[in-house]
Amino acid sequence: MTRTAYLDYNASAPIRPQAAAAVAQALTLTGNASSVHGFGRRARACLEDAREAVAALVKAPPSAVVFTSGGTEANNLALRGLAQGRRVLVSAGEHPSVLEAIDGAAKVPLDPDGVIDLARLAEMLAGEPQPALISVMLANNETGVIQPLDAVVALARQHGALVHCDAVQAVGKIAVDMTDLGVDALSVSAHKIGGPQGVGALVAAESLALAPLLRGGGQERRRRAGTENLPGIAGFGAAAALAAADLDDAPRIAVLRDDLEQRLHGQAPEVVVIGAGTARLPNTSCVAVPGLTAETLVMGLDLAGVAVSAGSACSSGKVAPSHVLRAMGLGEAEAAAAIRVSLGWASAPADVDHFVEAWGEIYTRCGAARRLQSPAA
Amino acid sequence: MTNTPRPIYLDYQASTPCDPRVIETMLPFFGERFGNPHSVNHRHGREAEAAVEHARGQVAELIGAEAREIVFTSGATEANNLAIKGAARFLKERRPHVISCVTEHKCVLESVRRLEERRGARHLATGGQQWPDRSERLGRGPG
């Protein structure tokens, strides 16, 4: 088998074997979790075990967990379900599932490090006659930049605003404690933490008025209709338990990531690490070499068996440069050069070696061409 | 009932046991084939995308539709919500007129009720009966 390295955990993490086993086990369970017979009760028990594990991962009560079809639905449910006449303020670097969830949301700008402009947020809140709903992600999917949620929540409290936090990329990589954060609602996704695709959750206190997106039966405490995705939820629960226990692994991953960045810098001193000036997730590296397009790199790396992303997976296939990088003030050419390398639970030093080697070959190969194109540089 | 040696399952309308051949098809995607179907910039993603498109063709064939007509959802509740609320969004009439049957599934009736609340939709529920008492009809129960 050819040598491969998967370094695209922020797009989707490989499923953890125990999570896969939980899915396989649940697939053999017969019954609808809403049915009152023995089959249904067993399905229900499996569902509630998973709910406890997901709640424990973000230190929330199980009753706050609303299972959804993933992070996108959780974000849509939060914005549309909590807005209800409130003015909606979102950071300019949010995931498209937040930016697109609701019409007319106002965007709070980012500073050059990718951090939300708190002074601007304060101004916007002060100028707002109606109560607001603020949505700010805990960590960015493209850059890994961590947002100061404590300061956002403090401002929100002064103005009677609700706060939703998209924690899809942060959970499992840094400790997330919903009570400490003080946010009203939090989105999480299974496949970013080594669980299956197609399942996530919005975590929001049961007492919070949340208008459902999907209407029908009374599942999920009447906050999300539809028969629960039992195999997916079972896998989510198993992955959540492992991710909580695995937070100790974060320093190991940070060492791999830092080593990767240092070795790129050693080969190419002009390498720019985006967001390096502020707190970042331990697993994410967004790197650019001026003049070397992400498209060239990602394609070359793919041929060498290395999987990384250009910007976020959700923007792949589109020509438009990343809205996150543009919001940080990067020029079009700089943004078009950025690739995202993201590591996780199964990443090993050999993956970094393979990446650095393959990256170096493409860099050297393209170097001569770049120098010809821009002799002044 | 839990003491019965071999329980008999006769509730296929609520949920059917998953066919072992279906489970067999699914399992590789909970293993080495874990890519995000949207990550078309590397082989893991392209492989996942190909699997999604293969399945889209299979679902289309089952109902005599074209693959491009299939929108995957999280289930029938989401599909019915999407059909009713999604279609109403594009109707020119400010107060759409909705005709359904009193025996429709809860997720249809509740979606229509939402249109009544939000858009003032006029709902004609056919079936020769009055609109059922909602508190009774819309209670929790297996799909």
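## Ground rules

The model is predicted: local features need pLDDT of at least 70, side-chain atom pairs count only at pLDDT 80 or more, and totals for chains, interfaces and linings use all residues. Residues are numbered from 1 along each chain as its sequence is written, while chains are lettered from A and ligands numbered from 1 in the order in which they are written.

## Chain A overall

Chain A has 14 helices and 12 strands. Both are DSSP runs numbered from the N terminus: helices are H or I with at least four residues, strands are E with at least two. The C-alpha atoms of chain A fill a box of roughly 70 × 55 × 35 Å along the principal axes.

A compact globule of 377 residues would have a radius of gyration near 21 Å, and chain A agrees, with 21 Å. That radius is taken over C-alpha atoms, and the globule rule is 2.2 Å times the number of residues to the power 0.38. In chain A, 58% of the 377 residues count as buried. Buried means 20 or more other C-beta atoms within 10 Å of the residue's own; exposed means 12 or fewer; partly exposed is in between; C-beta atoms are placed from the backbone.

Now take contacts in chain A between residues at least 6 apart in sequence: 71% join residues at least 24 apart. A contact needs C-beta atoms, placed from the backbone, within 7 Å of each other.

## Where A meets B

On chain A, 39 residues are in contact with 40 residues of chain B. Helices H1 (17-27), H2 (38-57) and H11 (294-303) of chain A each give two or more residues to this side. H1(A) gives the largest share, four residues.

By class, the side of chain A that touches chain B has 17 nonpolar, 19 polar and three charged residues. Here Ala, Val, Leu, Ile, Met, Phe, Trp, Tyr, Cys and Pro count as nonpolar, Asp, Glu, Lys and Arg as charged, and the others, Gly among them, as polar.

## Two helix pairs

In chain A, helices H5 (residues 118-126) and H6 (residues 149-158) pack at about 15 degrees, with axes 10 Å apart. Axes are lines fitted to C-alpha atoms, for helices over the stretch in contact, and angles run from 0 to 180 degrees between N-to-C directions. H5(A) and H6(A) are therefore roughly parallel. From H5(A), A:Leu118, A:Leu121, A:Ala122 and A:Leu125 meet A:Ala151, A:Val152 and A:Leu155 of H6(A). This contact has seven nonpolar, no polar and no charged residues.

In chain B, the axes of H3 (residues 76-89) and H4 (residues 106-119) come within 9 Å and cross at roughly 30 degrees. H3(B) and H4(B) are therefore roughly parallel too. Their contact includes B:Ile84 and B:Lys85 from H3(B), and B:Val112 and B:Arg114 from H4(B). Its residues divide into six nonpolar, four polar and three charged.

A:Phe236 sits in helix H9 (residues 230-245) of chain A. A:Phe236 is buried, with 33 other C-beta atoms within 10 Å. Its C-alpha atom is 7.1 Å from that of A:Val199, 37 residues away along the chain.

Most residues other than glycine have a negative phi. A:Glu220 has a positive phi, near 55 degrees, and A:Arg221 has a positive one near 50 degrees. A:Glu220 lies in helix H8 (residues 219-222) of chain A, and A:Arg221 is found in H8 of chain A. A:Glu220 is buried, with 20 other C-beta atoms within 10 Å, whereas A:Arg221 has 14 and counts as partly exposed.

How values were computed
Parallel < 35°, antiparallel > 145°, perpendicular 65-115°, else oblique. Contact = placed C-beta atoms within 7 Å.
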